[in-house]
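My notes below follow the order in which I looked things up.

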Amino acid sequence: MLTLYGGDISKGLENVPVCIEKDVIEGSLPNFQYTPENIQGLGCDIDPSEVTLPGCSCRSVSCEPLGCPCLRFGLAYTDGGLLEQREESGASYSQPVFECNALCACSESCQSRVVQNGLQTRVCVFRTENRGWGVVTLEAIARGSFVCEYAGEVIGFEEARKRQLSQTPEDKNYIIAVQEHGGSLRTGTTFVDPDTVGNVGRFLNHSCQPNLTMVPVRVHSLVPRLGLFSRRDIEPGEELTFDYSGGHAPRTDASAEGDLQRKVCLCGAHNCTGFLPLDFSVLH
């Protein structure tokens with residue numbers, strides 16, 4: 001467990017400081033612009049910060065899932081703001097979350113306002129032994145809690161492909177592609193790249209046995225925010241990790257470009273697949 005930490009790499013943009021291990025020189029951090037939320041990048045037609053979803057007319061302190069139009073689709077939070085676990089097909093959450101937004105008539109303390117309230121957990125960035133940077137929690141986290149976003153530039157498919165193809169085997173791949181299915185025929189994919197503009201989520205390592213899981217959460221916009229929620233109770237000092245593949249087995253029909261970009265996984269889990277997940281669909 002880390003006992004020495006300081007600084008704030010978010011420079012006051014988060015509700016709580018994002019600390020850095022004290023024996024690490026702050027100037028050694030990657031050069032990037034901190035943002036607590038997604039921003040519009042190349043190839044993204046919708047500004048993620050624009051309010052485009054309608055609000056509810058629930059004039060109550062907290063909305064009820066069965067009566068609020070914002071909460072009729074997808075998963076809802078419990079009274080304590082937790083997301084109930086649903087293990088299906090290897091992934092923890094198979095449905096998105098819709099929160100009440102800026103146009104809603106309910107109070108700011110409505111239980112359906114969680115991700116929009118930002119980082120609430122004290123976390124610390126540190127240097128791992130063999131996996132670059134990592135993030136540990138400085139406090140206990142209950143199962144189902146929102147921990148942080150994976151925020152950065154929301155980009156289009158062609159831009160994601162261009163950026164991924166330009167990477168060398170030594171480069172880290174930060175681009176996350178989240179695919180959502182809205183029925184048998186409708187599919188949408190969101191690409192988020194926190195390499196040059198991002199938040200603390202960019203420092204989270206992959207694990208084949210993670211303690212966090214990623215869930216698309218819509219607040220004000222149709223563009224989802226990628227919320228990371230705890231899969232189990234987490235103790236102070238534990239490293240925070242998530243499965244870059246979203247809980248689905250990595251594809252094996254790699255192209256030549258994909259083979260060159262595959263990186264060895266060093267998570268140490270008993271079920272480790274041997275390689276970090278890579279979305280080969282972006283390479284075609």
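Burial cut-offs go down before anything else: buried means under 20% relative accessible area, exposed means over 50%, and partly exposed is in between, with a 1.4 Å probe and protein chains only. I am working on a predicted model, in which local features need pLDDT of at least 70 and side-chain atom pairs count only at pLDDT 80 or more, while totals for chains, interfaces and linings use all residues. Numbering runs from 1 along each chain as its sequence is written, and side-chain values use heavy atoms, with hydrogens and water left out.

**Entry: overview**

I started with the secondary structure and found two helices and 15 strands. Helices (H or I, at least four residues) and strands (E, at least two) are DSSP runs, numbered from the N terminus. Of the 284 residues, 50% count as buried.

**Entry: Val-136**

I looked up Val-136 and found it in strand β7. Is Val-136 buried or exposed? Its relative accessibility is 4%, so I logged Val-136 as buried.

**Entry: aromatics**

My ring rule takes Phe, Tyr and Trp (its six-membered ring) and pairs rings whose centres lie within 6.5 Å; planes under 30 degrees apart are stacked, over 60 edge-to-face, and the rest tilted. That gives eight aromatic pairs. I picked out Trp-133 and Phe-203: their ring centres are 6.3 Å apart and the planes sit at 80°, so I wrote the pair down as edge-to-face. Trp-133 belongs to strand β7 (residues 133–137) and Phe-203 to the loop between β11 and β12 (205–206), so this pair ties together parts 70 residues apart in sequence. Trp-133 is buried at 9% relative accessible area, and Phe-203 is buried too, at 2%.

Which residues form one aromatic cluster? I got Phe-32, Tyr-34, Trp-133 and Phe-203.

Next I looked for charges over rings, where NZ of Lys or CZ of Arg has to be within 6 Å of the ring centre and within 35 degrees of the ring normal. Arg-202 turned up over the face of Phe-32, 4.3 Å from the ring centre. The charged end of Arg-202 also sits over the ring of Phe-203, at 5.1 Å from its centre.

**Entry: second largest pocket**

For pockets I used a 1 Å grid over the protein atoms alone: a pocket is an open set of points where a 1.4 Å probe fits, with protein on both sides within 12 Å along at least five of seven lines, and lining residues have an atom within 4 Å of a point. Grid points are joined across faces, edges and corners, and a volume is the space filled by probe spheres set on the points. The second largest pocket comes out at about 250 Å³. Of its 16 lining residues, Ile-46, Thr-189, Thr-190, Val-223 and Pro-224 are the closest to the centre. The elements giving two or more residues to this lining are β9 (152–155) and β11 (187–198), and β11 has the largest share, with three.

**Entry: single residues**

Gly-6 lies in strand β1 (residues 5–6) and is buried at 16% relative accessibility. Ile-20 is 14 residues from Gly-6 in sequence, and their C-alpha atoms are 5.6 Å apart. Leaving out residues up to four places away in sequence, Gly-6 touches Cys-19, Ile-20 and Lys-22.

Thr-121 is in the loop between β5 (97–98) and β6 (123–127), and I have it as buried at 8% relative accessibility. With the sequence neighbours up to four places away left out, Thr-121 touches Val-16, Thr-137, Glu-139, Ile-141 and Phe-146.

Last, a backbone check. Most residues other than glycine have a negative phi. Lys-11 is not a glycine, yet has a positive phi of about 55°. Lys-11 sits in the loop between β1 and β2 (18–21) and is exposed, at 69% relative accessibility.

Key: Contact means heavy atoms within 4.5 Å.
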